[in-house]
Amino acid sequence: MDMNQIIIDARKHGRAALDEQSGKALLAGYGVAVPRTAVVSGAAGVDAALKQLKTPVVVKIMSPDILHKSDAGGVKVNLASAAEAMAAIDAMAASPKIKGARIDGYLIEEMAPAGQEIVVGGLRDAQFGPLVMVGLGGIFVEVLADVSFRICPISRLDAQEMLDELKGAPILKGARGRKAVSRDAIVDVLLKVGGENGLLMRHAAEIREADINPLIVSETAAMAVDARFILG
Ligand code: ADP
Ligand code: MG
């Protein structure tokens with residue numbers, strides 16, 4: 001797939017950001033693992049979609065008007081059957097926060113293997129160009145602002161140092177009875193996003209902001225389950 005085409009298509013439709021499906025396609029083009037997905041326009045499409053996907057699945061609203069899907073009631077995880085996925089779509093379509101929005105469709109995707117949620121991001125600095133960021137998910141990023149940044153392109157050593165700098169780094173090693181998660185898998189994603197031939201370098205002129213939130217990291221692998229790219 002031509003990675004530039006994904007961005008050109010979004011622009012052609014007047015979009016200021018890539019939709020989640022396109023964002024994931026872009027990531028996949030750089031070798032970042034993403035869930036298998038299908039897009040449906042309503043509950044009627046679920047049966048066909050589930051022929052290509054393994055349950056349990058997640059259903060998510062796709063709307064250019066909705067930034068935080070869960071806040072709007074637009075994410076339902078762990079749906080075991082077509083009936084559950086259809087019910088989730090019908091409930092979303094009827095919910096007040098979603099009713100007034102432009103709806104592109106519903107994303108149905110496979111569940112990622114369980115793991116620690118972390119955040120990988122990118123932004124463009126007027127002086128330094130693209131920067132890449134990593135942090136632990138949830139409260140670590142939102143409340144504690146425990147994140148580390150580097151100017152792109154980063155080396156493997158830079159990526160390792162970024163992880164070492166996090167105050168929450170022991171969590172990745174399996175603090176408090178949790179399993180350790182794969183540091184190598186995180187470093188790998190950081191290089192694919194912020195390395196020499198990475199996504200942020202290659203699209204420095206077009207991508208203003210990138211947000212993989214979360215990347216779910218297991219003992220052996222990492223998968224990007226949400227992706228947002230702001231163009232401009
Ligand atoms: P938003 O950030 O817009 O609210 P997300 O796509 O990040 O929506 O989904 C919200 C949460 O649902 C994620 O942080 C994650 O915990 C869970 N989730 C979403 N997609 C998946 C998936 N494919 N596999 C497992 N968990 C998921
Ligand atoms: Mg998210």
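Predicted model: local features only at pLDDT ≥ 70, side-chain atom pairs only at ≥ 80, totals over all residues.
Residues are numbered from 1 along each chain as its sequence is written, chains are lettered from A and ligands numbered from 1 in the order in which they are written, and side-chain values use heavy atoms, with hydrogens and water left out.

Around ligand 1 stand 19 residues, of which Lys60, Lys69, Ser70, Glu109 and Glu117 come nearest; a residue counts as near if one of its heavy atoms lies within 4 Å of the molecule. A side-chain N or O atom of Ser70 is 2.3 Å from an oxygen atom of ligand 1, and a polar backbone atom of Ala112 is 2.9 Å from a nitrogen atom of the ligand. Glu117 places a polar side-chain atom 2.5 Å from an oxygen atom of ligand 1. Taken alone, ligand 1 exposes 540 Å², and the protein buries 83% of that (areas by the Shrake-Rupley method with a 1.4 Å probe; for residues, only the protein chains shown count as cover). Two or more residues of the shell come from each of β3 (57-62), β4 (75-79), β5 (105-110) and β9. Of these, β9 gives the most, with three residues. Helices (H or I, at least four residues) and strands (E, at least two) are DSSP runs, numbered from the N terminus.

Asn213 lies in strand β9 (residues 207-217) and Asp226 in the loop between β10 (222-224) and β11 (227-231), so the pair ties together parts that are 13 residues apart in sequence. Asn213 is partly exposed, at 28% relative accessibility; buried means under 20% relative accessible area, exposed over 50%, and partly exposed in between (1.4 Å probe, protein chains only).

Charged pairs come next. Side chains of opposite charge can pair when their charged atoms come close. The structure holds 16 salt bridges, each a side-chain nitrogen of Lys or Arg within 4 Å of a carboxyl oxygen of Asp or Glu. One of them joins Asp65 to Arg102, with the closest N and O atoms 2.6 Å apart. This pair links distant parts of the chain, 37 residues apart: Asp65 is in the loop between β3 and β4, and Arg102 in the loop between α5 (96-99) and β5. Asp65 is partly exposed at 40%, whereas Arg102 is exposed at 52%. Another salt bridge, with a closest N to O distance of 2.9 Å, pairs Arg183 with Asp164. Here helix α9 (residues 183-194), which holds Arg183, is linked to helix α7 (residues 156-165), which holds Asp164.

The surface also carries a nonpolar patch of about 310 Å², made by Ile139, Val143 and Leu144. Patches are made of residues with over 30% relative accessible area and no salt bridge; like charges are joined within 9 Å, and nonpolar side chains (Val, Leu, Ile, Met, Phe, Trp, Tyr) within 5 Å. Ile139 belongs to helix α6 (residues 139-142) and is exposed, at 54% relative accessibility.

Key: Polar contact = N/O pair within 3.5 Å; in protein donor to acceptor, adjacent residues only side chain to side chain.
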